[in-house]
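Dear colleague,

Please find below the structure that I am handing over to you.

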Amino acid sequence: MMRLVTRVGSTVLLLVAALYHPGVAAAHGDMSGEDDPCLRRVGERVVHFSAYQPQYELKDQYCTDIPKEGDTFLVVDLVDPALRNEPVGMRVVKGNGSNEAEDQIVADLRPSTHPDGVLRGEVRLDEGLYTVTIAAEKQNLMRHPQYLLRVHMIDYQKLVRTVAVPLLGVLLLAWLIYKLVRSKWLRNWWAVRRTGN
């Protein structure tokens, strides 16, 4: 009987911890290396993309979900030193890149060398989807590292994850409490306590 109580108690404790600290439960910390969604490869070389909107949040950086419309600074870190001597450019188009005929070019930074290792651009982004493509001059610009930006849009997939996981946790907790309340062990324990008084 004690094992059942210990098991139920530890499960409840884990659920409470998951509900109050979802970052720990999802194992989502600072991303680095291959796990970083902002890293892309240009052939064998690596680039890192960031977007900033200092008029709203001075230090916040974004990768694919940009919370507000407006002037946005796009920064590409050329992680691989070899890319710094090679002309690299960036193109931003409105749309998801699936229909090139309908996609509108918002910014086109022609390939040039970047000795400091940073490719910079500023663009005004309205609500919607944008595709950012980065490529070296020697490679086709439309076939290489792309970032799909969601500007001032609700990410329903992320919303479902943030709502569904806690909801499932609450439902599991309710089910465990129901099972505990309906268990013979608890009824026997309660009966012994009542007769003892």
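In this model, Met 90 is in contact (heavy atoms within 4.5 Å) with Phe 49, Leu 74, Val 76, Ala 107, Asp 108, Leu 109, Leu 119, Gly 121, Val 132, Thr 133 and Ile 134, leaving aside its neighbours within four places in sequence.

The model is predicted, so local features need pLDDT of at least 70 and side-chain atom pairs count only at pLDDT 80 or more, while totals for chains, interfaces and linings use all residues. Residues are numbered from 1 along each chain as its sequence is written, and side-chain values use heavy atoms, with hydrogens and water left out.

The nonpolar core

Met 90 also belongs to the largest nonpolar core, which has 25 residues; together with Phe 49, Ile 134 and Leu 149, Met 90 touches the most other members. A nonpolar core is here a set of buried Ala, Val, Leu, Ile, Met, Phe, Trp, Tyr and Cys residues joined through side-chain atoms within 4.5 Å. Buried means under 20% relative accessible area, exposed over 50%, and partly exposed in between, with a 1.4 Å probe and protein chains only. At least two residues of this core come from each of strands E2 (45–52), E5 (70–78), E6 (88–94), E8 (118–125), E9 (128–136) and E10 (146–151). The largest contribution is that of E9, with 4 residues. Helices (H or I, at least four residues) and strands (E, at least two) are DSSP runs, numbered from the N terminus. As general background, nonpolar side chains tend to be buried together in soluble globular proteins.

Strand pairing

An open sheet of 5 strands has the order E4-E10-E9-E6-E7, with mixed pairing. Strand E4 (65–66) and strand E7 (104–112) are its edge strands, each pairing on one side only. Two strands pair if DSSP finds at least two bridges between them. E6 and E7 are antiparallel and pair over 6 bridges; Val 92 has Ala 107 in E7 as its bridge partner.

Strand E2 is mostly covered, with 6 of its 8 residues buried. E2 pairs with E5 in the antiparallel sense over 6 bridges, and the bridge partner of Phe 49 in E5 is Val 76. E2 also runs antiparallel to strand E3 (residues 61–62), to which 2 bridges join it; there, Ala 51 has Tyr 62 as its bridge partner.

Strand E5 also holds Asp 71, which is partly exposed at 35% relative accessibility. Leaving aside neighbours within four places in sequence, Asp 71 is in contact with Tyr 52, Gln 53, Gln 55, Glu 122, Val 123 and Arg 124. The C-alpha atoms of Asp 71 and Gln 55 are separated by 8.1 Å, and these two residues are 16 residues apart along the chain.

Salt bridges

How many salt bridges does a search of the whole structure find? The search finds 5, where a salt bridge is a side-chain nitrogen of Lys or Arg within 4 Å of a carboxyl oxygen of Asp or Glu. One of them joins the side chains of Arg 150 and Asp 65 (3.7 Å, N to O). Arg 150 lies in strand E10 and Asp 65 in strand E4, so this pair ties together parts that are 85 residues apart in sequence. Asp 65 is partly exposed, at a relative accessible area of 24%.

Arg 120 and Asp 116 form another salt bridge through their side chains (3.0 Å, N to O). Arg 120 counts as exposed at 52% relative accessibility, whereas Asp 116 is partly exposed at 42%. The side chains of Arg 124 and Asp 126 likewise meet in a salt bridge (3.9 Å, N to O). Arg 124 is partly exposed at 48%, as is Asp 126 at 34%.

A buried aspartate

Asp 36 lies in the loop between helix H2 (22–25) and strand E1 (39–42). Asp 36 is buried yet has no salt bridge, and the nearest side chain of opposite charge, Arg 40, is 7.1 Å away. For charge, Lys and Arg count as positive and Asp and Glu as negative; His and the chain ends are not counted.

With kind regards
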